[in-house]
Amino acid sequence: MAGITDRLFRVLAERFGAGMVVSEMIASNALGVGNEEMVRKLGRPGTLPHMVQLAGCEAEWMARGAKIARDAGADIIDINFGCPAKRVTNGYAGSALMRVPDHAMTLIDAVVSATPLPVTVKMRSGWDDDSLNAPEIARRAVDAGAQMITVHGRTRQQFYKGNARWELVRAVVEAVDVPVVVNGDIVDLATAREALQQSGAAAVMLGRGARGRPWAVGQIGDALAGKETQPAPKARRLPN
Ligand SMILES: Cc1cc2nc3c(=O)[nH]c(=O)nc-3n(C[C@H](O)[C@H](O)[C@H](O)COP(=O)(O)O)c2cc1C
């Protein structure tokens with residue numbers, strides 16, 4: 001999450017048992033010209049696989065960004081097809097890519113060809129209620145080489161309003177043969193269980209539910225595995 005999952009946050013989330021953490025979204029064109037802020041966002045958190053999320057709309061920049069990320073130690077490249085922000089979608093990146101599937105696939109092709117790293121994609125359920133095309137985009141993404149799909153169960157036009165519709169993610173699970181991660185409005189054990197049950201997904205992703213609570217991911221993971229954990233107050237201190 002831009003502005004939230006910086007390196008320290010990811011260090012803490014890992015320390016508290018998160019199974020996977022993802023960098024902030026990194027603009028591939030800015031990264032490609034050495035923008036300092038984007039380079040800083042590439043920081044490796046700890047010992048978990050280092051998953052770096054790239055955003056952009058041009059194959060050449062995405063490929064260049066992927067190579068820079070790999071050279072900085074990335075283990076997995078995630079591609080953003082989900083950001084709803086106007087400054088991102090006006091540049092035809094983020095969720096706007098769901099409206100132009102042929103073009104979106106050129107970005108996946110470029111990133112898959114640029115490095116040997118596994119490539120994953122994060123998307124929304126569609127642009128709006130009339131175009132719930134996540135299953136089709138996911139299937140094509142997997143054909144292009146994506147190895148995991150994460151779906152935020154809202155449309156772009158919903159932004160963050162209304163509820164995430166976890167049941168819409170089930171069609172994505174059924175469309176592909178790679179792990180699908182369900183995302184949106186998951187904040188505790190009950191919502192995690194419900195999202196998994198409605199979607200049939202392999203895992204859950206937390207966004208806002210972990211803001212200010214880097215222990216939430218590990219705690220919910222433990223709870224799903226039948227263990228109850230509470231981080232000791234001392235453990236909540238920032239690491240050096
Ligand atoms: C402040 C903020 C920043 C975000 N930045 C990103 C981002 O960089 N990349 C991304 O894929 N999603 C980003 N998201 C979306 C979240 O990852 C997530 O898909 C969405 O908030 C729904 O899940 P949640 O209800 O668990 O937060 C962001 C959301 C917020 C609120």
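Is phenylalanine 16 buried or exposed? I looked it up: phenylalanine 16 is buried, at 13% relative accessibility. The classes I use are buried for under 20% relative accessible area, exposed for over 50%, and partly exposed in between, with a 1.4 Å probe and protein chains only.

Ground rules before I go on. This is a predicted model, where local features need pLDDT of at least 70, side-chain atom pairs count only at pLDDT 80 or more, and totals for chains, interfaces and linings use all residues. Residues are numbered from 1 along each chain as its sequence is written, and side-chain values use heavy atoms, with hydrogens and water left out.

**Rings**

I searched for aromatic pairs (rings of Phe, Tyr and Trp, the last by its six-membered ring, with centres within 6.5 Å; planes under 30 degrees apart are stacked, over 60 edge-to-face, the rest tilted). The count is 1 aromatic pair. Phenylalanine 16 and tryptophan 215 have ring centres 5.7 Å apart and planes at 90°, so I logged the pair as edge-to-face. It links distant parts of the chain, 199 residues apart: phenylalanine 16 is in the loop between α1 (7-15) and β1, tryptophan 215 in the loop between β7 (203-205) and α10 (216-224). Helices (H or I, at least four residues) and strands (E, at least two) are DSSP runs, numbered from the N terminus. Tryptophan 215 is buried too, at 14%.

Next I checked charges over rings (NZ of Lys or CZ of Arg within 6 Å of the ring centre and within 35 degrees of the ring normal). Arginine 99 lies over the face of tryptophan 127, 4.3 Å from the ring centre. Arginine 99 is in the loop between α5 and α6 (101-114) and counts as exposed at 53%. I also have arginine 124 with its charged end over the ring of tyrosine 160, 5.1 Å from the centre.

**Salt bridges**

My rule is a side-chain nitrogen of Lys or Arg within 4 Å of a carboxyl oxygen of Asp or Glu, and the count comes to 12 salt bridges. One of them joins aspartate 75 to arginine 44, with the closest N and O atoms 2.8 Å apart. Aspartate 75 is in the loop between α4 (59-71) and β3 (76-81) and arginine 44 in the loop between α3 and β2 (51-55), so this pair ties together parts 31 residues apart in sequence. Both ends came up partly exposed: aspartate 75 at 29%, arginine 44 at 34%.

Aspartate 129 and arginine 165 also meet in a salt bridge, 2.8 Å from N to O. Here the loop between β4 (119-126) and α7 (134-143) holds aspartate 129 and the loop between β5 (146-155) and α8 (169-175) holds arginine 165, so parts 36 residues apart are tied together. Arginine 165 is partly exposed, at 24%.

I noted aspartate 222 with lysine 227 at 3.7 Å, and a network of salt bridges linking Glu24, Glu37 and Lys41.

**Second largest pocket**

A pocket here is an open set of points on a 1 Å grid over the protein atoms alone, with protein on both sides within 12 Å along at least five of seven lines; lining residues have an atom within 4 Å of a point. The second largest pocket has a volume of about 310 Å³. Its lining has 18 residues, and the closest to the centre are Ala27, Asn29, Ala55, Arg87 and Val88. β1 gives the largest share of the lining, 3 residues.

Notes. On a 1 Å grid over the protein atoms alone, a cavity is a set of points where a 1.4 Å probe fits but cannot get out, and a pocket is an open set with protein on both sides within 12 Å along at least five of seven lines; lining residues have an atom within 4 Å of a point. Grid points are joined across faces, edges and corners, and a volume is the space filled by probe spheres set on the points.
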